[in-house]
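Here is a short briefing to read alongside the model. Have the structure open as you go through the points.

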Amino acid sequence: MKGTSFYSRKLHSLLGIIPLGFFIVEHMLTNYSAFEGGKESFDSSVKFLNDLPLVTFLEIFGIFLPLLYHGVYGLYIAYQSRNNVSNYSYGRNIMFMLQRVTGVITFIFVVWHLYTTRFQVTLGNLTHEELGGHMNEILSQPIFFILYVIGVVAAVFHFSNGLWSFLVSWGITVGPRAQRVSSYICMFVFVIVSVLFILSLVAFTGSEFEAVSDVVNSAAALING
Amino acid sequence: MAETQVKSKMVKFIVTRQDQPDAKSYTEEFEVPYRPGMNVISALMEIQRNPKNAKGENTSPVCWESNCLEEVCGACSMVINGKPRQACSALVDKLEQPVRIAPMSTFPVVRDLVIDRSRMFNALKKVKAWIPIDGTYDLGPGPRMAESKRQWAYELSKCMTCGVCLEACPNVNDKNSFIGPAPISQVRLFNAHPTGEMNKEERLEALMEEGGIEGCGNSQNCVRSCPKGIPLTTSIAEMNKATTKHMFKKWLGV
C-alpha cells in the first residue's frame, strides 16, 4: 500500500501528544494533589476523574488504545534505528538515542504499572478508593520506589523530547533558532514535570496513605497509650 | 663521505579493505612517506605506486574513487578517523595519526573504499529532482526567481550526492527504507524553483511514500556532517510542513 508508513508514523507522532501527552500531565496533576493536599485531596481527585461522564469510553479511546498503538509501533521504530552515538556524539543524536531508550523503558514500566494498579481494579482485587494505600504499599519498598523514579523520569523525558520532535515532524518549528528555543522549553517541561511526579511519589510514602487498618491500629494505640 | 641519509618521516594508515562485494572486510596497515600538504588521496596514490603494507609484504593496491579533487564531486567520500568526509579535502596534517580509513558501509561496498551510491540516484529519480521542461515546442522564458529566494536555494543546490549525510544518519540502514536527508533537501530546492514549483505536488507525494520523509528521526547528524554546510534539518522540517499541509489539503479537498 502506498504511503502507509507516512500516515502510521504521523499518527504515532500525533497520539504521543494528543492524547497521551495530555494524559501524562493530567496524571501528574492528580498525583501532585497527594503532595499538596494529602490523602483527602488525592482521593477527591480520583473521585473527580471517576465521576467524569463516559469515563470508560475516555479510558479506552483516550488512553488505552492510543497507548497500545504508540507503544507497539514505537518499539518497531526503535528497532529500525542503528544508534551511532559513539561516532557522532552530538547533543541531538544523544537525544535521538535517549528517546528510543526511554521509550522502551517507559513501555515496560507502563505495562507493569498498569498491571499492578488499573488492571487490578478491573479484576476487582482493588477499588479506586484503595489506590492511594496500594501505592503506599508499593512505594514503601525502596527497590520499587527506585524503579518508579526511573520509570517516571523515563516517561517524562520521552514525553518532553517527543514534544520537541512532534513540533519538528509537523513542520511547526522549522529553522535552527526555533528548534533551539523549543528544545529549551521542552527540557524545562521535563524538569518541572519530573520534579512534580517525584514529589508525589514521595508523598505516597507518607504515613497518611498507609492502609486504613494501620491507621485504625495506630489510632487505637494512641487512645490506649 | 659517510652516508647521512635520514629516514624520512612516515605516516601510518590503517585501511579497512574488502576484496569483493560479498567478501569479509579486514584491515591492512600501510606506511607512506610524509610530504608537506599531503591529503588522503595522495597517500592512496602512493600506496598504488608502491603496493607494500607496513610489514613490507607485497599486496594489492587499495582501490578508491575520486574525480574533482576539490570537494565538489562527492566521489571520494569515505570514513576517515570515524567520520564520513571527502578524502581529497582530508589533509594529513590535520588528521590524528594513525589515520584510519574505511568505506562508507551504509552503502554496498564494491571493493576496498569503492562504494555503490546508486540508491541516492534512485532516490533523486523517485522524488523527481528535476524540472520538466522538455516538449515539442519552445515554452518561452519561465517565471523569474526572486533574488532573496535564489540566495538560499543556491545553498541547497551545492549538494553533490556524496552520501555523507546518509552514512551519518542512524535511520539509514539495512532495517529501514528511509531514503535519507539529501533527496528531501532536493525536493525543497526544486519546489522553490518558479518552474519546478508547477510540479511540487508530485515531489511531495513521493516524499509521502514508503521510505520517505517519515523515516527522519531528528538525530540531526546530517546537518552536522554535510561537507557543503547545507541546512538539511531546515529542509527536512520545511518539507515536513509542506507534506503535512499537502496531507490535509488532499483530505479536505476531495
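Between domain 1 and domain 2 of chain B there is one salt bridge, a term used here for a side-chain nitrogen of Lys or Arg within 4 Å of a carboxyl oxygen of Asp or Glu. This is a predicted model, in which local features need pLDDT of at least 70 and side-chain atom pairs count only at pLDDT 80 or more, while totals for chains, interfaces and linings use all residues. Residues are numbered from 1 along each chain as its sequence is written, chains are lettered from A and ligands numbered from 1 in the order in which they are written, and side-chain values use heavy atoms, with hydrogens and water left out.

**The two domains of chain B**

- Chain B is split into domain 1 (8-115) and domain 2 (118-252), with bounds that come from an automatic or database domain assignment.
- The centres of domain 1 and domain 2 of chain B, taken over C-alpha atoms, are 31 Å apart.
- Domain 1 of chain B puts 13 residues into the contact and domain 2 of chain B puts in 11 residues; contact means heavy atoms within 4.5 Å.
- Together the two domains of chain B bury about 1000 Å², with 59% of it on carbon and sulfur atoms; buried area is the accessible area (1.4 Å probe) that two parts lose on being put together, summed over both.
- On the domain 1 side of chain B, Pro84(B), Thr106(B) and Phe107(B) lose the most area to domain 2 of chain B, together 48% of what that side buries.

**Where chain B meets chain A**

- The contact involves 40 residues of chain B and 32 residues of chain A.
- About 3100 Å² is buried between chain B and chain A, 50% of it on carbon and sulfur atoms.
- Lys175(B), Glu214(B) and Asn218(B) account for 20% of the area that chain B buries against chain A, more than any other three residues.
- One salt bridge is found across the interface of chain B and chain A.
- Asp174(B) pairs with Arg82(A) in a salt bridge, with the closest N and O atoms 2.8 Å apart.

**Salt bridges in chain B**

- Over all chains, the whole structure has 13 salt bridges.
- Arg17(B) and Asp112(B) form a salt bridge through their side chains (3.0 Å, N to O).
- Arg17(B) sits in strand 1 of chain B and Asp112(B) in the loop between strand 6 (109-111) and strand 7 (114-115) of chain B, so this pair ties together parts that are 95 residues apart in sequence. Strands (E, at least two residues) and helices (H or I, at least four) are DSSP runs, numbered from the N terminus.
- Arg17(B) is buried, with a relative accessible area of 0%, and Asp112(B) also counts as buried at 0% relative accessibility. Buried means under 20% relative accessible area, exposed over 50%, and partly exposed in between (1.4 Å probe, protein chains only).
- Lys228(B) and Glu71(B) also meet in a salt bridge through their side chains (3.6 Å, N to O).
- The side chains of Arg49(B) and Glu46(B) form a salt bridge as well (2.5 Å, N to O).
- Arg49(B) and Glu46(B) are three residues apart in helix 1 of chain B, a separation of about one helical turn.
- Arg49(B) counts as exposed, at 59% relative accessibility.
- Arg17(B), Glu28(B) and Asp112(B) are joined into one network by salt bridges that share partners.

**Helix 1 of chain B**

- Seven of the 10 residues of helix 1 (residues 40-49) of chain B are buried, so this helix is largely enclosed by the rest of the structure.
- The buried residues of helix 1 of chain B include Val40(B), Leu44(B), Glu46(B) and Ile47(B).
- Their cover includes strand 1 (10-17), strand 2 (26-33), strand 3 (77-80) and strand 5 (99-102) of chain B.

**Nonpolar cores**

- The largest nonpolar core has 67 residues, and Ile184(B) and Leu207(B) have the most contacts inside it. Such a core is a set of buried Ala, Val, Leu, Ile, Met, Phe, Trp, Tyr and Cys residues joined through side-chain atoms within 4.5 Å.
- Helix 7 (residues 142-169) of chain A gives the most to this core, with eight residues.
- Apart from this core lies another, of 24 residues, among them Ile41(B), Cys76(B), Ile80(B) and Val92(B).
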